[in-house]
Amino acid sequence: MSEEFIIDVKNLTKFFIKDGVKVGIFLAILRSAIPAFYRNKLFAKKNKCYALRNVNFKAATGEAIGVVGVNGSGKSTLMQIIAGTMQPSDGRVNVTGRISAILELGSAFSPDFTGIENVRLNLTLLGIKSSDLEYKMKEAIEFADIGNFIDSPIKVYSSGMLMRLAFAVQV
């Protein structure tokens with residue numbers, strides 16, 4: 001019996017160009033037209049800042065993986081690539097199933113909306129069906145456990161309350 005991997009990362013590399021926006025835009029255009037081998041030869045190594053270099057791992061169903069490192073070691077970059085919000089410079093990531101990125105909790109919240117309005121909006125953006133929306137909203141609100149603040153604009157929330165609400169929406 002073969003083991004099914006839900007995340008398969010192979011030779012994942014991500015670099016950023018130090019010489020500014022113009023070179024980065026040029027590289028982005030080249031990415032779609034020129035194979036990586038030739039594309040990488042066009043830019044000197046001194047202009048590249050590597051966030052990830054040849055990262056490989058697999059995660060099977062039911063496994064948990066921790067990513068630990070110092071500031072600037074590429075943890076968030078790796079998570080963004082796996083979640084599909086950032087493209088790798090080289091390598092591949094295969095994901096089976098659905099990924100929800102909670103790297104920037106609450107970033108899609110509107111400060112003038114109430115907690116309940118933000119929950120409704122974000123669950124809709126996450127693709128929750130309208131038939132399941134009210135049930136999922138109730139679950140998220142109960143999980144966040146912020147009491148009557150749910151009816152207040154989130155701009156009056158403490159940072160902890162905001163994080164609890166954002167986390168509740170994601171889980």
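This is a predicted model: local features need pLDDT of at least 70, side-chain atom pairs count only at pLDDT 80 or more; totals for chains, interfaces and linings use all residues.
1. Let's start with the charged pairs. Side chains of opposite charge can pair when their charged atoms come close.

2. Take Lys 155 and Asp 112 to begin with. Their side chains meet in a salt bridge, at 3.0 Å from N to O. Lys 155 sits in the loop between helix H5 (130-144) and helix H6 (159-170), while Asp 112 belongs to the loop between strand E3 (90-95) and helix H4 (115-125), so this pair ties together parts that are 43 residues apart in sequence. Are these two buried or exposed? Lys 155 is exposed, and Asp 112 is too.

3. Next up is the salt bridge between Glu 134 and Arg 120, whose side chains meet at 3.6 Å, again N to O. Here the partners come from two helices: Glu 134 is in helix H5 and Arg 120 in helix H4, so the pair ties together parts that are 14 residues apart in sequence. Their exposure is worth a look as well. Glu 134 is exposed, with a relative accessible area of 52%. Arg 120 has a relative accessible area of 34%, and counts as partly exposed.

4. Helix H5 also has a pair of its own. Lys 138 and Glu 142 form a salt bridge, with 3.9 Å between the closest N and O atoms.

5. Now for how H5 sits against H6. Two packed helices are described by the angle between their axes and the distance between the axes. For H5 and H6 the angle is about 145°, and the axes are 8 Å apart. The crossing of H5 past H6 is right-handed. Which residues make the contact? On the H5 side they are Ala 140, Phe 143 and Ala 144; H6 brings in Arg 164, Leu 165, Phe 167, Ala 168 and Val 169.

6. Have a look at Thr 114 too, in the loop between E3 and H4. Its relative accessibility is 14%, so Thr 114 counts as buried, the cut-off being under 20%. What does Thr 114 touch, leaving aside neighbours within four places in sequence? The contacts are a run of residues: Ile 150, Asp 151, Ser 152, Pro 153 and Ile 154.

7. There's a nonpolar patch on the surface as well, formed by Phe 113, Leu 121 and Leu 125. Together these residues have about 270 Å² of accessible area. Leu 121 belongs to helix H4 and is partly exposed, at 31% relative accessible area. That is enough for the patch, because a residue has to be over 30% to be included.

8. Ile 6 is partly exposed, its relative accessible area being 27%. How far apart in space are Ile 6 and Val 95? They are 5.5 Å apart, C-alpha to C-alpha, despite lying 89 residues apart in sequence. Not counting residues up to four places away in sequence, Ile 6 touches Ala 59, Ala 60 and Thr 61, along with Asn 94, Val 95 and Thr 96.

Technical notes
Residues are numbered from 1 along each chain as its sequence is written. Side-chain values use heavy atoms; hydrogens and water are left out. A salt bridge is a side-chain nitrogen of Lys or Arg within 4 Å of a carboxyl oxygen of Asp or Glu. Helices (H or I, at least four residues) and strands (E, at least two) are DSSP runs, numbered from the N terminus. Buried means under 20% relative accessible area, exposed over 50%, partly exposed in between (1.4 Å probe, protein chains only). Contact means heavy atoms within 4.5 Å. Patches are made of residues with over 30% relative accessible area and no salt bridge: like charges are joined within 9 Å, nonpolar side chains (Val, Leu, Ile, Met, Phe, Trp, Tyr) within 5 Å. Accessible areas come from the Shrake-Rupley method with a 1.4 Å probe; for residues, only the protein chains shown count as cover. Axes are lines fitted to C-alpha atoms, for helices over the stretch in contact, and angles run from 0 to 180 degrees between N-to-C directions. A crossing is left-handed if the near helix is turned anticlockwise from the far one by less than a right angle, and right-handed if clockwise.
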